[in-house]
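Reader: I should like to go through the classifications assigned to this structure one by one. Please set each value against the criterion that it has to meet.

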Amino acid sequence: MKHDQPDDSTRVGADPVPVSRPSDVTLLLVDDEETFRKLTAKELQRVGYAVETAGSLDAARRLLARQQFHLVLLDVRLPDGNGLDLLQEIREAAPATEIVMLTAFGTVQEAIIALKQGAHDFLTKPCKLDELEAVLANALQKQVLQRGNVALRRDLARLAGEDFIGQAGQIRELLNLLSRVAETDSTVLIRGESGVGKELVARAVHKLSRRVDQPFVVVDCASLHESLLQSELFGHEKGAYTDAIRLKHGLFEVADRGTIFLDEIGEITPPLQAKLLRVIETGIFRRLGGTADIRVNVRVIAATNRALETMIKEGQFREDLYYRLNVFSLVVPPLRERRDDIPLLAAHFIRNSSVVPKRQVTVSPEAMTVLQRYHWPGNVRELENVVERALILCDGQILEPEHLPLGVRLEPDFREDADERRLTTLEEVERRYIKRVLQECKGHRHKAAEILGISERNLYRKLKEMADPGADAPHRD
């Protein structure tokens, strides 16, 4: 049978906008029966739909690559494959597109599969035009409501600045990518150092997804031994091992229809990696000690602060699991790469602290200079702890440098060294550090020597070598 080819006049445009009348609607009809395809297209065009047609999966894919459609009428059985395969592809690539399945050999099983995979409805050919129009109108109404919800969720994401404090370009890009991937069911891998807020990102993806009303389950993969972690993830049957005195449902079961967040995924052992891979690929697992297959529908979000690529080369992490997890990657920048956000973050932590619920506390310019100079190896989590500690020590309304931990105050200025770091000698770094300690100790050499971990005599010698004006002062043992 001759298949329709994409017309050169096909309109290529951006994402379809919310619509409520057929004249605004683009529709793709995929069916290999030429007579049915042409007659149905003609009738739908008569009532106002902008219709494109394809007689095979291949022709449909070419059209979908060039244009987005509001609606797709898709036959199940096509000469080059099964329409259910294309259904899944469309749901992944264009979640907003509504799909109505068609078949001349309709079965209950096919209908159930199609609806489970996200089809709006399932019709058996030949179908009456008024029945088809009613189904399409209903699909459009659903689409309008869903698009409104997506817009609302995006607005909420913008309003949720309290969760993502900062205006750095990296944070804006992260939020943009986050809001886009949240609308899909794709697996997400969140990467970043400890303390940057990877769990916060995972929760945001869940909150902005279609699964928002379903469970969000957090699993700390680094805190449990392999056998305990396996039991937590997959559950166990009564009597599976000595202490298994009753049946335990695993966290994958708890998270069914929702999201499971696997924090520090790089810490799980290779045998457990294999079991996890099977669940991600098939949605099927067995409880420890069980024989029955359990099927779940769970979105997986994983996070790591480790270089998984290096672990793969060293044989510590499965390459196939890595590619299953890394469908879409979100990278959370360390705090030292967005120092301009530190004043916003500090103000947020002060405002939400239980230490000073009734006091208006601000950070002095000198203290803020210290905070922005520090390297923050513990990232945002460390900043929050430092601010809370400082608030405990601060009796007034101004947070000063003396309220900050000594280690933060004595940190070399990484901003000053940034452009010269490769040219700065160890001797120069030592000289700057000694001078900073002396400044903090207000010239008291005995105290400075204790902080530096050297004798006062040794400090005196170093100051003399540095040609410090105070180096000629009498030495006190």
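Author: Let us begin with accessibility: a residue is buried under 20% relative accessible area, exposed over 50%, and partly exposed in between. Glutamate 33 has a relative accessible area of 35%, so it counts as partly exposed. The model is a predicted one.

Reader: How confident is the predictor in the chain, and where does pLDDT stay under 50?

Author: The chain averages a pLDDT of 81, and 83% of the residues score at least 70. The value stays under 50 over residues 1–20, for which the model has 42 contacts beyond four places in sequence. It also stays under 50 over residues 415–423, with seven such contacts. Where pLDDT is low, the predicted coordinates should not be read in detail.

Reader: Why is the pair of lysine 125 and glutamate 33 called a salt bridge?

Author: The criterion is a side-chain nitrogen of Lys or Arg within 4 Å of a carboxyl oxygen of Asp or Glu. The closest N and O atoms of lysine 125 and glutamate 33 are 3.5 Å apart, so the pair qualifies. The pair links distant parts of the chain, 92 residues apart: lysine 125 lies in the loop between strand E7 and helix H5, and glutamate 33 in the loop between strand E1 and helix H1. Lysine 125 has a relative accessible area of 9% and is therefore buried. Asp31, Glu33, Asp75 and Lys125 are linked in a network of salt bridges, and the structure holds 20 salt bridges.

Reader: What makes arginine 210 and aspartate 185 a salt bridge, and are the two residues buried or partly exposed?

Author: Their closest N and O atoms are 3.8 Å apart, which is within the limit of 4 Å, so the pair counts as a salt bridge. Arginine 210 is in the loop between H7 and E9 and aspartate 185 in the loop between H6 and E8, so the pair ties together parts 25 residues apart in sequence. Arginine 210, at 42% relative accessibility, is partly exposed; aspartate 185, at 31%, is partly exposed as well.

Reader: How do you know that arginine 287 is buried, and what is its salt-bridge partner?

Author: Arginine 287 has 14% relative accessibility, which is under 20%, so it counts as buried. It forms a salt bridge with glutamate 237, the closest N and O atoms being 3.1 Å apart. Glutamate 237 has a relative accessible area of 23% and is partly exposed.

Reader: Why are the buried residues of helix H3 placed on the same side of H3?

Author: The buried residues of H3 are Gly83, Leu84, Leu86, Leu87, Ile90 and Arg91. They cover an arc of only 155° around the axis, which puts them on the same side of H3.

Reader: What makes the phi values of arginine 257 and glutamate 264 worth noting?

Author: Most residues other than glycine have a negative phi. Arginine 257 has a positive phi near 75°, and glutamate 264 a positive phi of about 55°. Arginine 257 has a relative accessible area of 52%, which is over 50%, so it is exposed. Glutamate 264, at 13% relative accessibility, counts as buried.

Conventions:
Residues numbered from 1 in each chain as written. Predicted model: local features only at pLDDT ≥ 70, side-chain atom pairs only at ≥ 80, totals over all residues. Heavy atoms only, no water. pLDDT = per-residue confidence, 0-100. Contact = heavy atoms within 4.5 Å. Buried < 20%, exposed > 50% of the residue type's maximum accessible area, 1.4 Å probe, protein only. Helix = DSSP H or I, 4+ residues; strand = E, 2+ residues; numbered from the N terminus. Arc of directions from axis to C-beta.
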